[in-house]
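Here's a quick briefing to read alongside the model. Have the structure open and follow along, topic by topic.

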Amino acid sequence: MSLARDVKAGFAGRPRSLPPKYFYDALGSRLFEAIGQLPWYRITKAEKRLLRRAAPAVAGALTGPVRVVELGSGSGEKIALVIEALRARRKTTVVHVVDLSAAALADSLQRLAKIPGAKARGHHATYEKGLLEATHPPRGRGECLVLFLGSNIGNFDPHDAERFLASVRRRLRPGDALLLGVDLVKPERTLLEAYDDPLGLTAVFNRNVLLRLNRELGADFDLAAWEHRAVWNADLRRVEMHLVSLVRQRVAIPRAGVVADFAAGETIFTESSYKYELPDVESLALAAGFRRERQWIDGDARFALTLCRAIDI
Ligand SMILES: C[S@@+](CC[C@H](N)C(=O)[O-])C[C@H]1O[C@@H](n2cnc3c(N)ncnc32)[C@H](O)[C@@H]1O
């Protein structure tokens, strides 16, 4: 990953943009954990509820020994639920956690170390590179289970989501499994409260990326001159996060070779969170080379956890 290169590319377009993966420095990862505890951000709690219900069935559907890989594992709380269920069925498990955040990776490895018999390895890498490392060398007997949870898939545009899952599929063998967590479309007000919470934590999470650019690239963002904004784009079915310049200002980002002028009201686009309808989840999986095997739905929070199987491609 090159922060400088990505910032330069993102600032060359209009609106200017930053990839969401850069939210997760050590503070960003802590802030994300805190957001997960807010009553308005229901993804984390709903998915943990579903996993508690689903984990025994997921474990039962796999023939050991099992290699479990989580892409963007965060604190590792969710993968731990799956590993515990595999352990309860005495399935030998090799665990790989992949995350760009060193802080998140350390948390998940620490958590997994407490589970007897779970041999965990961390990959401080992008999803793609981490998956490559985790599935090499090719395995002998048993299946591979890839977890892609937290609706991380929602950060991809639909076309890229399909391309990404297809690239995951190509690293797997027919019969291997994917457990995919996807947030569903819900009323606008509920969505906006999740991404612009009344306590202001999501605003801090969003603005923290500017602090990161100041620290790592020598930028001179004045944080008081930037405001968080979340909007529901109904046509594209995504919540967008932006940073809004409150004044006319010039910002220098020396280590990215960027000097940027902003008008008052001009924005930096920091994240898309696409929301899905249930049939879209199945068609996305199928287009990428997976068939839906089982699905668990939290009707209250409108969140779906889907166990998929890699099909012949
Ligand atoms: C929204 S959090 C979700 C964490 C966890 N999966 C959960 O459901 O609670 C996204 C996590 O993925 C990591 N991440 C984001 N983009 C990534 C990328 N392109 N490659 C690797 N990790 C990434 C972040 O560092 C963060 O820990």
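The ligand has 19 residues around it, and the closest are Lys21, Tyr24, Gly72, Gly74 and Gly150; a residue is near a molecule if its C-beta atom, placed from the backbone, lies within 6 Å of it. Keep in mind that this is a predicted model: local features need pLDDT of at least 70, side-chain atom pairs count only at pLDDT 80 or more, and totals for chains, interfaces and linings use all residues. Residues are numbered from 1 along each chain as its sequence is written.

**Around the ligand**

- The shell splits into 7 nonpolar, 9 polar and 3 charged residues. Here Ala, Val, Leu, Ile, Met, Phe, Trp, Tyr, Cys and Pro count as nonpolar, Asp, Glu, Lys and Arg as charged, and the others, Gly among them, as polar.
- Helix H2 and strand S3 (93-99) each put at least two residues into that shell. Helices (H or I, at least four residues) and strands (E, at least two) are DSSP runs, numbered from the N terminus.
- The ligand lies between domain 1 (3-35 + 188-273) and domain 2 (43-184 + 276-310), because both give residues to its shell.

**The two domains**

- The chain is divided into domain 1 and domain 2, with bounds that come from an automatic or database domain assignment.
- Their C-alpha centres are 28 Å apart.
- The contact between them takes 10 residues from domain 1 and 10 residues from domain 2; two residues are in contact if their C-beta atoms, placed from the backbone, lie within 7 Å.
- On the side of domain 1 that touches domain 2, the elements giving two or more residues are H2 and strand S11 (267-274). H2 gives the most, with 4 residues.
- That side of domain 1 is made up of 4 nonpolar, 3 polar and 3 charged residues.

**Helix H2**

- Which residues of H2 (residues 26-35) are buried? They are Gly28, Ser29, Phe32 and Ile35, where buried means 20 or more other C-beta atoms within 10 Å of the residue's own, exposed means 12 or fewer, and partly exposed is in between (C-beta atoms are placed from the backbone).

**Alanine 134**

- You'll find alanine 134 in helix H6 (residues 127-134). It counts as buried because it has 23 C-beta neighbours inside 10 Å.
- Leaving out residues up to four places away in sequence, alanine 134 touches Val69, His96, Val98 and His123.
- Valine 97 is 37 residues away along the chain, yet its C-alpha atom and that of alanine 134 are separated by 8.4 Å.

**The 4-strand sheet**

- This open sheet runs S1-S11-S8-S7, with mixed pairing. Two strands pair if DSSP finds at least two bridges between them.
- Strand S1 (16-17) and strand S7 (226-233) are the edge strands, each pairing on one side only.
- S1 and S11 run parallel and are joined by 2 bridges, and serine 17 stands opposite phenylalanine 269 in S11.
- S7 pairs with strand S8 (residues 238-245) in the antiparallel sense over 8 bridges. Tryptophan 232 has valine 239 in S8 as its bridge partner.
- S7 and S8 make a hairpin with 4 residues between them, and arginine 237 in the turn has a positive phi of about 55°.
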